[in-house]
Amino acid sequence: MNGNRRSARIALAAASICAIVMATSARAQEMPAIDNDDIGGVVRGPNGPEAGVWVIAETRDLPVRFIRIVATDDQGRFVVPDLPKANYDLWVRGYGLVDSEKVKSEPGKTLTLSAKVAPSEAAAAHYYPAIYWYSMMKIPGADQFGGKSDIPPNIRQTEWLNLMKNNGCVGCHQLGQLSTRTIPKSLGTFANHEDAWLRRIQSGQSGESMVNIIAGQLNTVPIKYFADWTQRVANGELPKHRPQRPQGEERNIVVTLRDWMDEKHYLHDLIASDRRNPTVNAYGPLYGSPEYSSDLMPILDPVKNTATTFRMPVTEGTPEALGPGHAASAEVLAPSPYWGEEKLWNTRANNHNAMLDDKGRVWMAATGHPPQNPDFCRKGSSHPSAKVAPIERTNRRVTMFDPRTQEYVALQTCFGSHHPQFGYDKDNTLWLSGGGPVLGWVNTRIWDETRDIQKAQGWTAIVLDTNGNGRRDDFTEIGQPQQEGKDRRIQAPFYAVMPHPTDGSIWGSVRGNPGAVVRVVPGDNPSETALAEIYNVPAPGFGVRGGDIDRNGVAWVSLASGHIGSFDRSKCKGPLNGPKATGNHCPEGWSFYKYPGPGFEGLDDNSAESSYYTWVDQHNTFGLGENIPMSTGNLNDGLIALKDGRMITLRVPYPLGFYAKGFDGRIDDPAAGWKGRGLWAANGDRTPWLIEGGRGTKPLAAHFQLRPNPLAK
């Protein structure tokens, strides 16, 4: 009898535990309450809930096309938060799937979406990021270089990769998406893929640049490798690697896309705030940089979801910023398979990219004047900078736009510009890359007080302290034999420019193979006192492009080797100046972190990623923390963050082919949690019609936000 009672009590307890577990499980499956501006639900496949897939909500009811994308949690649940009132198409996209049927819905609804399993490997691979396809291309073996084949003898394997990646082909557009891994029928009929590629690289106003790299620098040898690649794809060969569905923080990302500009012109970049104080311009407009494509500066209001333009004026006689001296041609070399013989690009202002100051004004690497410099820039001038390094001509200068007054001013700087960045000094000095053999600046405090650009600007030669005495002395000029006891001027053109947040030094990235970073200490009179240090990238890194600096003074750069590289000057063991400090004197300062995604076969462990630019989130504008280095994932369809040694991919799964050339962070409301902060980037591909959607697709502005979990509202 006692045994029966004990058995009954055990059975009752077990039933109670089971009920508790079932109730807990049921609660775990429950959706959070959906507000009237959210759409939520669950994604189910044939085998149950689908974890780590994307739910895409898209509408064209607003003044601009609006897309918001979220990922499902481990139970297949999703919440698309804070949607403007409109009718939306919703569907599911994910690795191992093909797109589900689109479902019509509106905010306030809860849905069950049915995932559709890919019927074949080929159908699934259609949705892979470009890197999975581009890494299929064969790379000449090391035994083919050094005069042992048709490859020019001066080209090393690293130089080949540099030109096939971020300092060549992928420096302008993505490779590996559907448009480039196939040959469009509109290109023509050809006997083979080699003939097709010979014709393809001549297309449009970038045809001359493509031909110069492929036929000029590389003796047309890449043609057979491109042809072999696309022929194998046409024959049905698929990537050997499969992407992983989003994990961890990647499931917490909310991506919002809006289109702007137009279908014929591209955007190089956008700007949202002052990188020194990212609360500037909170909830304000975004300003786009169309570079060679147009004189219309696009302006996007992300609150009203409206897009407008501002025409950047130039003075009479300013020529088109196309042709010799530029990376785009004035005329179409051969008809485009998308636009025929139509000339699309016609800019004179040539707004490459911009920065906001603490007043919310937009300072641009653009021009408003003809190339001939005024007399005060040239030889014989009394200007302190011209005495040291006179400059006769300049293609791109500086302009400023004040959104509050609509004032637009073209500043006639003597030096060239490319990327602007504000320093952390009391003069709000604007430092600019693009000056070639000089580093230039505009003291915006003096300009605001006097409106005298001659007084407000300066530039300096880049000079190493070769004699090691701690000051700048007479120097040996570029290309001349070094003279004993003198310092040395070097050719180290800044590509990125990076003002140090605390010590007043100005850093720059120097493109090339292997490339370098340069540190300049301006001194009291920069035209005459500035001293530089240069640090070359050691193996396995090579191929520097864009870069940034963190708040600790560590420089971060995108590398063609498939790494993000960091240089920490505090790790250097030997002298930083003197006759032996010529670039290779501090390899111990460098560290390398491989980007995600597959690499080319036949090489050491590598990633085919071809990152264009690196930016540091100094102020936790995204939510991963302060001082997080991030890169454009140009073949990974998004951005890539490095946190605690882990690579986190901020992917844009729709439209396929997202390609950024830079990005910015902004905090709209510090008290609003994840909703008040985020990253902004433009789809910066020079050929926006190559993205999913094809001809007629407009450039996109992408907003990346990080929720605490996939269901946060």
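1. Two strands count as paired if DSSP finds at least two bridges between them. Strands are DSSP runs (E, at least two residues), numbered from the N terminus. On that basis, E1 and strand E5 (residues 77-80) are joined by 4 bridges and run antiparallel. Gly-41 of the pair faces Phe-78 in E5.

2. A note on the basis. This is a predicted model: local features need pLDDT of at least 70, side-chain atom pairs count only at pLDDT 80 or more, and totals for chains, interfaces and linings use all residues. Residues are numbered from 1 along each chain as its sequence is written, and side-chain values use heavy atoms, with hydrogens and water left out.

3. Strand E1 spans residues 39-45. Of its 7 residues, 6 are buried, so the rest of the structure largely encloses E1. Buried here means under 20% relative accessible area (1.4 Å probe, protein chains only).

4. Strand E9 (residues 110-114) runs parallel to E1, with 5 bridges. Strand E2 (residues 48-49) pairs with E1 in the antiparallel sense over 2 bridges. A hairpin of 2 residues links E1 to E2. Arg-44 has Ser-114 as its bridge partner in E9 and stands opposite Pro-49 in E2.

5. Elsewhere, 4 strands make an open antiparallel sheet, ordered E31-E32-E33-E34. Strands E31 (544-549) and E34 (590-594) are the edges; each has a single partner strand, so one side of each lacks a neighbour in the sheet.

6. Within this sheet, strand E33 (residues 563-567) and E34 pair antiparallel over 5 bridges. Ser-566 has Ser-591 as its bridge partner in E34.

How values were computed: Buried < 20%, exposed > 50% of the residue type's maximum accessible area, 1.4 Å probe, protein only.
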